[in-house]
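This report describes selected packing and backbone features of the structure shown below. Please consult the sequence and the coordinates alongside the text.

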Amino acid sequence: MGEIIDINGPIVTVRLERVRNGDQVKIGRIGLVGEVIGLDGDRAVVQVYESTEGARPGEAAESLGHPLSVELGPGLMGNIFDGVQRPLPELLKISGDQIGRGIEVPSLNRETSWRFEADSSLSMGDRLTGGAVIGTVQETEIIKHHILVPPDISGEIVEHGASGEYTVDDVIARVKSDDGHIHDLRLFHRWPVRTPRPYEGRNHAAVPLITGQRVLDTFFPILKGGKGAVPGPFGAGKTMVQQQIARWANADIVIYVGCGERGNELVDILESFPELTDPHTGRSLMERTLLVANTSNMPVVAREASIYVGVTIAEYYRDQGYDVVMVADSTSRWAEALREVSGRLGQMPVEEGYPAYLASRLSAFYERAGRVETLRGNLGSVTLIGAVSPPGGDFSEPVTSHTKEIVPTFWALSKELADARHYPAVDWLDSFSGYVDTAAHWWSREVDPTWAARRAQALAVLSQADDLSRIVNLVGPEALSPTQRWVLEGAALIKEGVLQQSAIDEVDSYASPRKQFLLLDIALCIYDEGHKLIELGVPVEQISRLPSMARFRRLKSVYTSEQADDIDAFNRQVKKDIDELRVEYGAPREAEA
Amino acid sequence: MREKEFRMAAAARGALLYMKGVRGVALGDRVVVRDQSGRRRSGQVIRTSNEVVLVQVFEGTEGLDLDQTWAGFLEKPFELSLSPEILGRVFSGTGAPRDDRPPIISTLKRNVNGAPVNPAARTYPKEFIQTGISTIDGLNSLVRGQKLPIFSGSGLPHNRLAAQIVRQAKLLSQEADFSVVFAAMGVSYTDARFFEEEFESSGVLRNVVMFINLADDPPMERLLLPRAALTAAEYLAYELDQHVLVVLTDMTNYAEALREVATAKGDVPARKGYPGYLYSDLAELYERAGRIHERHGSITMMPVLSMPSDDITHPIPDLTGYITEGQIVLSRELQSQGIYPPVNVPPSLSRLMKDGIGADFTREDHPRVAAQLYAAYARSLEARNLASIIGAEELSERDRRYLEFAEGFEKRFVGQGEDEDRSIIETLEIAWELLSGLPPEALNRVTEEDLQKYHQWGRARDPEETATAGDAGVNGD
């Protein structure tokens, strides 16, 4: 037993012997929990996950003997946890609308019983290693939960439960490790959140994650097992982009970490996801979603922990062989929590008050993404997508600039685009993806061989148009040749007909890869044909006034992804329109029309 | 209650008082500091150990003689006494009456810091509030339980706008019990008086609770004031089932007070000297808005803040924007053209709009009309920019139409009278009138059906008509 010496906001100094750095500590009469972040002789510095109001020097402190860990087992899916994995619905039952302090609740419900199907190929005396599967539980309609041997345990089976109904706490098997120690295996195990879960080896990520968002999938793709960031000033639509990914991504599991963000946004997910169906499985989205919520008004230290809690759960499902996407909104709030703690510890700040270890912590976090060969021998992946909230929209600030060096996919959101209600406001000049070549193989195989060329052409038109509009802003449109003016029209067509995608438009909220490609292809067909018409002397205005031009801009919200054939049919209509114009100007009809 | 007083002040710096040798004091406890002349000041413990206790004194430590300073530790946090009697009353930041009437006596006392609302207890805000102001209702709709700040600058009519919203705000469906909590931090006497008269003349004074800290009142009290005000709001909303509109003005003064204390404490500054925890601190206040399951009341919040040098990237508006559900930005340019309310449309936003409007709430075309107005106005501003370079005569016909659209939009849609209470249908009608000046093929945010139903392309329009009658400022070109 130790005692509290000093209380400075969430940082509490205690006198406590034989405590290890990183261990959890319970302090005071209220029973607040925190973790040791520094040791000095018999004094330990503890960051406390809850408000320390009312705590006094002299009150007791005791070590819990283990670092911050999460419970991993059935009952995670569809749940909502706080930053230290306490289930919020349970807290609601215990302490009402507001979160009380010092409440201990197990992360996984101890009463719920699950139907466990034991792996029939296992028998007494078999050798099990960490990460092996001993059976399954159907967690939700679509998620089969593989019960894993904890990664740090291996040995010989000495007891082996049959299939049946079990609670997470029931022992379902026992293994004897080489040192003779007998380990109880339950439906769940614990794992410390700051230690990445082990795997057999890394596997090169090779398949794009399809989010159904054209500007993301087609222009700046991310792979399953990749790392991405969404930086943007407030109001640029970061949360919308993240929610769209959580909604539509073709991953098996989505973990949404609301880290220091708005309470109502999480409620939006909580209320809307059960109603939405996953386009890939046809089931409710909530069946494959887990929320970790530490809203901005919740204690700041738990915010720091929340992204580790999220990523550890993500790794756990990866180890079962699933493709997991974790979105963290926002990593800036996590970095600020780091800053707040370091500031209270009196550590020397380097940039904008952030501690010197910001960059290494960030890169270590993102490194937990990846596609791996799991310990059980199959493939799984964790894709990490972090929102970044740069103060004042300044991308040169520390969190954004460090993140930019770490992630291969960078979706930069622009205030100007958002102000013009061009959503998603992903800026095509500042964004990048290092995965384009790998993604191109998939697109070429699955959708169309010309994907890479079409994508490159569209980006070239957009960037050319940006240069030209600078000229227009200086000297006016009269200075441009008809060809140049057509470039501007072409870019507008790509922006309005392809890039812009409304999250609230039921028809267009999700676009299949085929729909994405067809829209891009039509825009570029019109663009290419337009150039030919201009050579024939057709005025730009006359082409722009073609009814199919206006119809193309609305096409995305007329046909759903299932109606891709109709989009293709529209393409023929466009060609016909253009061909008529061509004939009008004395050129022969094109044979294919 | 331990009524023991200690006379062990070791140091006083700014608003901070360092007490030595007081053991076992709880963090956050309320302190009464009495000086040589018998004057009492209130304070709060912000850091505690057995050696030193750090007390933040809300009235400041000026004039304290350390040897003759007594500190009494009340063994309880800052609490606000609550009863239905608070309606119609005026309090200071610490909850003391400011209206020469007796203090509230009640057994119900609440810690002003509150506790974080469990996200699982929240209900998503969806009920459209009609404010009668086109730029808000039409483009940045406010819903019950939302926090929507006004970003303003010195000399801009944010107070008039806030007062107009308080006056006109109503739900389309039903009338329910409503009340207003008005929290003024560091405002001038004139501004405070303006609101009081507004509440009086619109007859809502009986439903208003005011917490007032004037510009010459102790600045540290501003740190406590919004917390006290929100505690009152939570009581009204969740225990008396009222729909509460909280007006917090001016958040910039609040943040400055926070910076003052942080600097005195020696906290590591992040940007512009503001402490790294400014975000979390503001969030503690703003996140107290909202709706809660199975509670009939709600808290809708309208913080007003003046952007230092009109800079929206300044930490105060910037961090506020990251927490609140949108923002209404006022523009000096529109103000100088005599347009009231001078709402700068492009940077203004309401994040909760999408679920509170449309067929079931306002009208089916509303979401698309809003998007179309935004897009068309953005395009118009480009045209205007171009016109300033090459002259309006050189513009294409399409661009000239856009130029006209911008003009009409600012004068007729944005501009309206201070007493003009437009219904959402009126707002949408003005919108379509303006959009009818643009050719249908330029409008791709609305559907074909919308165009057929509402768009009147080719209808002759008299430019003279575009000036709104009744708004004095508009005709002054």
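## Nonpolar cores

A nonpolar core is a set of buried Ala, Val, Leu, Ile, Met, Phe, Trp, Tyr and Cys residues joined through side-chain atoms within 4.5 Å. The model discussed here is predicted. Its largest nonpolar core has 96 residues, of which A:Phe219, A:Ile245, A:Ile385, A:Trp411, A:Ile494 and A:Phe552 touch the most other members. Helix H13(A) supplies the largest share of this core, with eleven residues. Apart from it lies another core, of 78 residues, which includes A:Val45, A:Val133, A:Val301 and A:Ala314.

Leaving aside residues up to four places away in sequence, A:Phe219 is in contact with A:Arg214, A:Arg455, A:Ala458, A:Leu459, A:Val498, A:Leu499 and A:Leu520.

## Helices H11 and H12 of chain A

Helix H11(A) spans residues 451–475, and its axis comes within 8 Å of that of H12(A), with a crossing angle of roughly 125 degrees. The two helices are therefore oblique to each other, and their crossing is left-handed. On the H11(A) side, the contact is made by A:Ala458, A:Val461, A:Leu462, A:Gln464, A:Ala465, A:Leu468, A:Ser469 and A:Val472. The H12(A) side contributes A:Gln484, A:Val487, A:Leu488, A:Gly490, A:Ala491, A:Ile494, A:Lys495 and A:Leu499. By class, the residues of this contact comprise eleven nonpolar, four polar and one charged.

A:Ala458 and A:Leu499, which take part in this contact, are also among the residues touched by A:Phe219. A:Ile494 of H12(A) belongs to the contact as well, and it is one of the core residues that touch the most other members.

## Two covered helices

Helix H15(A), residues 547–555, is mostly covered, with seven of its nine residues buried. These are A:Ser548, A:Met549, A:Ala550, A:Phe552, A:Arg553, A:Arg554 and A:Leu555. They pack against H12 (482–499), H13 (513–535), H14 (540–544) and H16 (564–584) of chain A, together with helix H13 (448–454) of chain B.

In chain B, helix H6 (residues 278–286) has eight of its nine residues buried, so it is largely enclosed by the rest of the structure. The buried residues of H6(B) are B:Leu278, B:Tyr279, B:Ser280, B:Asp281, B:Leu282, B:Ala283, B:Leu285 and B:Tyr286.

In chain A, the axes of H7 (residues 358–366) and H8 (residues 398–406) come within 10 Å and cross at roughly 45 degrees. H7(A) and H8(A) are therefore oblique to each other, and the crossing is right-handed. A:Leu358, A:Ala359, A:Leu362, A:Ser363 and A:Tyr366 of H7(A) meet A:Pro398, A:Val399, A:His402, A:Thr403 and A:Ile406 of H8(A). This contact has seven nonpolar, three polar and no charged residues.

In chain B, the axes of H4 (residues 221–238) and H5 (residues 251–265) come within 8 Å, crossing at roughly 130 degrees. H4(B) is therefore oblique to H5(B). Their crossing is left-handed. From H4(B), B:Arg222, B:Leu223, B:Pro226 and B:Arg227 are in contact with B:Asn253, B:Tyr254, B:Ala257, B:Leu258 and B:Val261 of H5(B). Six residues of this contact are nonpolar, one is polar and two are charged.

## Buried strand residues

B:Ala183 lies in strand E16(B), residues 178–187, and counts as buried at 0% relative accessibility. Beyond residues up to four places away in sequence, B:Ala183 touches B:Phe211, B:Leu225, B:Ala229, B:Val247, B:Leu248 and B:Thr249. The C-alpha atoms of B:Ala183 and B:Leu230 are separated by 8.8 Å, although the two residues are 47 residues apart along the chain.

In chain A, A:Thr167 is found in strand E14 (residues 164–167) and is buried, with a relative accessible area of 17%. Not counting residues up to four places away in sequence, its contacts are A:Arg110, A:Glu111, A:Thr112, A:Ser113 and A:Leu187.

## Backbone features

Two cis peptide bonds may be noted in chain A. The bond from A:Asp329 to A:Ser330 is cis, with omega near 10 degrees, and A:Ser330 lies in the loop between strand E22 (323–329) and helix H6 (331–344). The bond from A:Tyr423 to A:Pro424 is cis, with omega near -10 degrees; A:Pro424 is located in the loop between helix H9 (415–419) and strand E28 (432–433).

A:Glu352 has a positive phi, near 45 degrees. This residue lies in the loop between strands E23 (349–351) and E24 (354–355) of chain A and is partly exposed, with a relative accessible area of 28%. B:Glu75 has a positive phi of about 60 degrees, lies in strand E7 (residues 70–77) of chain B, and is partly exposed at 33% relative accessibility.

Note on methods. Residues are numbered from 1 along each chain as its sequence is written. Chains are lettered from A and ligands numbered from 1 in the order in which they are written. This is a predicted model: local features need pLDDT of at least 70, side-chain atom pairs count only at pLDDT 80 or more; totals for chains, interfaces and linings use all residues. Side-chain values use heavy atoms; hydrogens and water are left out. Buried means under 20% relative accessible area, exposed over 50%, partly exposed in between (1.4 Å probe, protein chains only). Helices (H or I, at least four residues) and strands (E, at least two) are DSSP runs, numbered from the N terminus. Contact means heavy atoms within 4.5 Å. Axes are lines fitted to C-alpha atoms, for helices over the stretch in contact, and angles run from 0 to 180 degrees between N-to-C directions. Angles under 35 degrees count as roughly parallel, over 145 as roughly antiparallel, 65 to 115 as roughly perpendicular and the rest as oblique. A crossing is left-handed if the near helix is turned anticlockwise from the far one by less than a right angle, and right-handed if clockwise. Ala, Val, Leu, Ile, Met, Phe, Trp, Tyr, Cys and Pro count as nonpolar, Asp, Glu, Lys and Arg as charged, and the others, Gly among them, as polar.
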